[in-house]
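Here is a short briefing to read alongside the model. Have the sequence and the 3D view open as you go through the points.

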Amino acid sequence: MLVTSRPNTIEKLQLLSRDSQYDLACACSYNKSEHRTRGTNGKWIYPVTLPDGGVASLFKTLISNHCTSDCKYCPLRQNEDIRRCSLSPEEIAASFLQYYRQGVVFGLFLSSGITCSSDTAMEKLIAPVEILRKKHNFKGYVHLKILPGSSRAAIEKAISLSNAVSINIETPGAQYLDKLSSKKDFLKDIVEPMKLISQLTAQSRHRVKQTTQFIVGAAGESDRDIVNYTSALYKRINLQRVYFSAYQKHQPDNPKKQSINTENAFMREHRLYQVDFLFRKYGFDQSDIIYDQSGLLSCETDPKEVWAKNHPEFFPVSINTADRHKLLRVPGLGLQTVETILNKRKLAKIRSIDDIGKVGSRLFRACKYLDFGDSQKNKAFLFNF
Ligand code: SF4
């Protein structure tokens, strides 16, 4: 007879935090390597980049990897032969507080497989947060995953206890989700709850953010499909962030076994984050994004430079007179560099790229798109596509 010992809390955290790596909806950076970084003193310590550029750690785990759903892209789907376990609300609250009180983590991110029903799983997700908020008077950051198909009551309760919530949209439309799951109804289980969250968070007395996540490369969708859907989500639903998770074919810890398709998915993920950044920070619109004939973003060139190469009429941009919006369109000029340019030219005319700062590869790339006026030094670079 095979005897399997019951995992203790640490063993369960190891299993469940590993399985939570597919949820990226808590990082602020768009650097793909940062999304999958995990702490060395426990995989549940998850470094994230904060909006101000600083780095801090979240306590991030699933509460259970049991799931009754059948998403084809997910290693946790029902009938998969994996080791399953669940953490009790008390185990999560106690483990989290231990790290929080030591100053190791600033907040908590909880998700779960769908155990029995969405609302049953939501009850279990909410329970440790209630313990923390009510019994321990914890006032810090909590991000709760909203499970597809959750009821209004469960969503309201989650929002009342959280600083951020997210439901994964997964695909850009029902036609793609239908290929991946026979159990999730795209509109009823995902889009309607997203709209409800948007309404409820707008009414909430405390500010609650909503994010979502696409899986990239699992359903034959194009980058254009994802980008257009992302743009619509930002416009119609008050989303703080959209995340993109490359389909990993269930070999996340063994890069040697990743297929070429998986590598492509990582590059697609990276380019989609760049597009997302252009939308949120650089004033780009979906009509500014250029694809190949298959609707895919260029693997070789970033989407801002692809736009620049397709709009020669826009360049060169005058470094001394162009407004912020125009400068942000120049490949190689990031947000901080544009601020530097705007500040420096208030004091004196900018005559060469050296006046902006140390010239690395990005600033050097920007030169050919910029006009420095009568400076001879930069004329050699001017607009030489
Ligand atoms: S519902 Fe979530 S955990 Fe369950 S199979 Fe689908 S993606 Fe995986």
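Two residues are in contact if their C-beta atoms, placed from the backbone, lie within 7 Å. Among contacts in the protein with a separation of 6 or more, 65% join residues 24 or more positions apart. This is a predicted model: local features need pLDDT of at least 70, side-chain atom pairs count only at pLDDT 80 or more, and totals for chains, interfaces and linings use all residues. Residues are numbered from 1 along each chain as its sequence is written.

**Overall make-up**
- The protein has 14 helices and 9 strands, taken as DSSP runs (helices H or I, at least four residues; strands E, at least two) and numbered from the N terminus.
- Of its 385 residues, 39% count as buried, meaning that 20 or more other C-beta atoms, placed from the backbone, lie within 10 Å of the residue's own.

**Strand β2 and its partners**
- Strand β2 (residues 55-62) is largely enclosed by the rest of the structure, because 6 of its 8 residues are buried.
- Strand β1 (residues 45-49) pairs with β2 in the antiparallel sense over 5 bridges; pairing takes at least two DSSP bridges between two strands.
- Within that pair, Ile45 stands opposite Phe59 in β2.
- With strand β3 (residues 107-111), β2 pairs in the parallel sense, over 5 bridges.
- Here Lys60 stands opposite Phe109 in β3.
- From β2 the chain crosses through helix α3 (residues 89-101) to β3, a right-handed β-α-β crossover: with the strands pointing away from the viewer, the path from the first strand over the helix to the second runs clockwise.

Key: Buried ≥ 20, exposed ≤ 12 C-beta atoms within 10 Å, placed from the backbone.
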